[in-house]
Amino acid sequence: MPEQTAERIEILRNDEAGRYEITVDGDVAGFADFQNDGGVRIMPHTVIDPAYGGRGLGGTLVRFALDDTRAAGFKVAPHCSFVDAFMTKNPEYADLRA
């Protein structure tokens, strides 16, 4: 039987592209766009490639983005319905809402 290897999932903030990216084994599986406006990070759009859907990557990506945003001292304007719903379901992020 072939040995199963764990996928390598990484998330980074790509300031040049204005988005957070989540990769699986080096391939971009999704992203969350952002724009900074003063002390507010506007998050208008989140996408997970359908090939990677149903694996919780969207939540993992948004959690990373919100934690990074908090660390940077920004508030969040969740214009993306996914980010908005995530923040509602996870009250530990309520203080970030702009």
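How far apart do the end C-alpha atoms of residues 12–98 lie, and how much of the span is helix and strand? In this predicted model, the end C-alpha atoms of residues 12–98 are separated by 23 Å, and the span consists of 28% helix and 32% strand. An unreviewed UniProt entry places the feature "domain: N-acetyltransferase" at residues 1–98 and 12–98.

The structure contains 3 aromatic pairs. In one of them, tyrosine 20 and phenylalanine 34 adopt a tilted arrangement, with 5.1 Å from centre to centre and 45° between the planes. Tyrosine 20 belongs to strand 2 (residues 19–24), whereas phenylalanine 34 lies in the loop between strand 3 (27–33) and strand 4 (35–37); the pair therefore ties together parts that are 14 residues apart in sequence. Both tyrosine 20 and phenylalanine 34 are buried.

Tyrosine 20 also forms an edge-to-face pair with phenylalanine 64, at 6.1 Å centre to centre and with 75° between the planes. This pair links distant parts of the chain, since tyrosine 20 is in strand 2 and phenylalanine 64 is in helix 1 (residues 57–71), 44 residues apart. Tyrosine 20 counts as buried because its relative accessibility is 0%, while phenylalanine 64, at 31% relative accessibility, counts as partly exposed. Together, Tyr20, Phe34 and Phe64 make up one aromatic cluster.

Key
Residues are numbered from 1 along each chain as its sequence is written. This is a predicted model: local features need pLDDT of at least 70, side-chain atom pairs count only at pLDDT 80 or more; totals for chains, interfaces and linings use all residues. Side-chain values use heavy atoms; hydrogens and water are left out. UniProt positions are given in the numbering used here, feature names are shortened, and annotations may be inferred rather than shown by experiment. Helices (H or I, at least four residues) and strands (E, at least two) are DSSP runs, numbered from the N terminus. Rings of Phe, Tyr and Trp (its six-membered ring) pair if their centres lie within 6.5 Å; planes under 30 degrees apart count as stacked, over 60 as edge-to-face and the rest as tilted. Buried means under 20% relative accessible area, exposed over 50%, partly exposed in between (1.4 Å probe, protein chains only).
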